[in-house]
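Reader: I am new to this one. Please show it to me, then let me ask about the labels.

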Amino acid sequence: MKLYYAIIFAFSVLLTGIYAIIWRKRFSVFLTLNFAFIPIVNLGYYIIILSTTVPEAIIGIKISYLGIFLHIFIMYTIFNLCNLNIKKSIRLILFGISTFFFISSLTIGSSSFFYKEISGEIIDNQLVLYKKYGLVHTLYYIQIFIYMIITISATLYAFCKKNDVSRHNLRYMVACESISVLSFFAGKLLKVDVDLIPLSYVLGQVVMLMISRRIILYDVTETAIETISANGKTGFASFDEKFRYLGSNQIAKEIYPELGKLKVDNYVPQNSELNNEIIEKIRTYVVDSKKNTFIKKFGKQIYQIDISRLFDGRNNLGYILYMQDDTKNRKYISLLNKFNDKLKTEVSEKTRHIIEMHDNLIIGMATMVESRDNSTGGHIKRTSKIVQFLIDEIQNDSGDNSLKLTEKFGNNLIKAAPMHDLGKIAVDDAVLRKPGRFTAEEFEKMKIHAAEGARIVHEILKDTDQAFGILAENVAHYHHERWDGSGYPEGLKGEEIPLEARIMAIADVYDALVSKRVYKESMSFEKANNIMMESFGKHFDNKLKKYYIAARPKLEEYYSKL
């Protein structure tokens with residue numbers, strides 16, 4: 001008999017180990033709890049058979065009564081497989097009842113609550129136990145019958161009403177529950193030499209392993225993703241909402257070698273190459289979800305990269321990039337492009353004039369908005385000049401720690417600078433044209449111009465150059481953010497603030513300091529410079545400090561001539 005219980009216990013541990021190997025996060029927690037509890041319960045039976053005294057046997061009996069929970073775990077697993085929900089309150093009540101019975105079993109040997117009495121004697125070198133059950137133990141039997149009725153009812157309902165439920169899995173689970181219950185009562189009625197319950201648990205594990213395998217097959221979405229990933233042709237890279245690196249597969253790292261240098265949770269925008277090639281694309285997608293595709297050349301191959309939201313169930317965790325070889329399609333497109341080159345040249349010439357008109361219209365709008373503001377006359381022209389001075393210094397910097405801005409970025413920022421205060425068109429005249437300092441309430445109303453400006457710029461530029469549109473929108477939206485996170489409207493901090501907005505902030509503040517306003521006189525260059533220098537690392541990005549210092553002589557010369 002000892003060998004029987006030892007083998008049963010060993011098999012239950014082995015089967016739980018197999019389950020651990022094939023475990024997937026989509027497996028029901030209750031299915032997992034079955035595998036966790038069964039070896040412990042079978043250990044209890046093994047302790048009983050090894051016992052030489054009643055107190056030792058009682059320890060094993062108490063451990064074995066953890067099997068009380070297995071019935072409810074199996075029931076919950078069946079409900080899960082049937083795609084049926086049990087209200088949380090009902091689950092708690094049922095779990096509470098099972099807990100009550102288990103706690104009652106812990107009184108064995110110390111009270112007559114669960115067992116009226118328990119005794120034993122040694123017969124043929126084996127401890128034989130004699131038990132008299134109490135009322136609570138009888139209620140426990142009733143509970144087992146009720147759980148079996150509930151599980152059978154749920155299964156019949158699923159068979160009749162649920163088309164998205166595997167009939168094989170339902171049969172397996174009912175068989176598992178039936179084996180457990182029938183073994184429980186068969187052992188009591190037939191009075192065999194060994195207890196059949198541990199065996200029924202092991203058989204149940206075998207059945208549940210079969211179910212686990214089928215669960216993997218039936219999860220079409222997950223298996224499809226894993227199949228695509230395993231074929232070695234599709235790259236994946238994921239990032240959280242803050243653009244921190246979550247992970248990528250080998251194909252993605254080959255396409256973007258810089259990914260291989262990242263550690264999980266690294267802030268990706270700090271890597272200039274990945275920021276320009278990936279993060280800026282994601283930011284574009286955030287602004288306009290239709291712009292979710294771009295192209296990446298890798299050797300002779302051309303990859304189409306699709307951006308999607310990264311979901312875990314209903315929760316939005318960040319962003320994921322899918323990289324699919326699109327070389328054949330792109331070559332075909334290339335042939336079409338060559339065929340249309342002449343037509344594009346003609347169209348480009350005609351649209352150049354339209355773009356110039358569009359740019360002039362934007363400047364005109366900015367000037368019109370500024371004309372409503374009594375305090376900032378000429379502000380857009382002056383801040384654009386400051387931005388130009390700063391961009392010149394940045395582009396002239398050839399040091400190892402230089403920002404290395406592209407010429408297009410610099411030109412776009414100079415072009416976007418006049419639009420940074422377009423949102424003031426949404427501010428009430430009573431606030432905007434007030435001849436003095438704002439009250440706290442008025443300042444809150446004024447602060448809306450940042451978000452409103454971003455919205456207006458987005459609407460104006462959404463069908464024009466994508467890179468310029470994003471940059472201009474960032475300038476309008478974030479030029480009042482501060483490096484230390486105390487700015488508005490989003491309270492962004494450090495490099496969360498787009499570079500273009502950080503540069504614009506320097507121009508905006510400097511002009512406010514050295515220009516005359518209705519509520520103040522212009523400040524001396526020296527005093528303004530002291531304030532600016534103190535603000536780096538707090539209000540401004542400290543990396544931009546050297547460019548401000550280099551541009552200072554030009555700034556003072558420019559303002560001296562106004």
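This is a predicted model: local features need pLDDT of at least 70, side-chain atom pairs count only at pLDDT 80 or more; totals for chains, interfaces and linings use all residues.

Reader: How many helices and strands does the protein have, and what counts as one?

Author: The protein has 22 helices and seven strands. Both are DSSP runs, numbered from the N terminus: helices are H or I with at least four residues, strands are E with at least two.

Reader: Why are α18 and α19 called roughly antiparallel?

Author: Their axes cross at roughly 165 degrees. Axes are lines fitted to C-alpha atoms, for helices over the stretch in contact, and angles run from 0 to 180 degrees between N-to-C directions. Under 35 degrees counts as roughly parallel, over 145 as roughly antiparallel, 65 to 115 as roughly perpendicular, and the rest as oblique. α18 and α19 are therefore roughly antiparallel.

Reader: Which residues of α18 and α19 meet?

Author: A450, A451, G453, A454, V457, H458 and L461 in α18 meet F468, G469, A472, E473, A476 and H477 in α19. Contact means heavy atoms within 4.5 Å. By class, this contact holds eight nonpolar, four polar and one charged residues. Nonpolar covers Ala, Val, Leu, Ile, Met, Phe, Trp, Tyr, Cys and Pro; charged covers Asp, Glu, Lys and Arg; the others, Gly among them, are polar.

Reader: What makes α19 oblique to α20?

Author: The axes of α19 and α20 come within 8 Å and cross at roughly 50 degrees. That angle makes α19 oblique to α20. On the α19 side, the contact is made by I470, L471, N474, V475 and Y478; on the α20 side, by E500, A501 and M504. These divide into six nonpolar, one polar and one charged.

Reader: How do you know that the buried residues of α15 line one face?

Author: In α15 (residues 407-416), F409, G410, N412, L413 and A416 are buried. Buried means under 20% relative accessible area, exposed over 50%, and partly exposed in between, with a 1.4 Å probe and protein chains only. Seen down the axis of α15, the buried residues fall within an arc of 165 degrees, so they line one face of the helix. The arc is that of the directions from the helix axis to the C-beta atoms.

Reader: What do the buried residues of α15 pack against?

Author: They pack against α14 (379-396), α19 and α20 (499-514).

Definitions and conventions. Residues are numbered from 1 along each chain as its sequence is written. Side-chain values use heavy atoms; hydrogens and water are left out.
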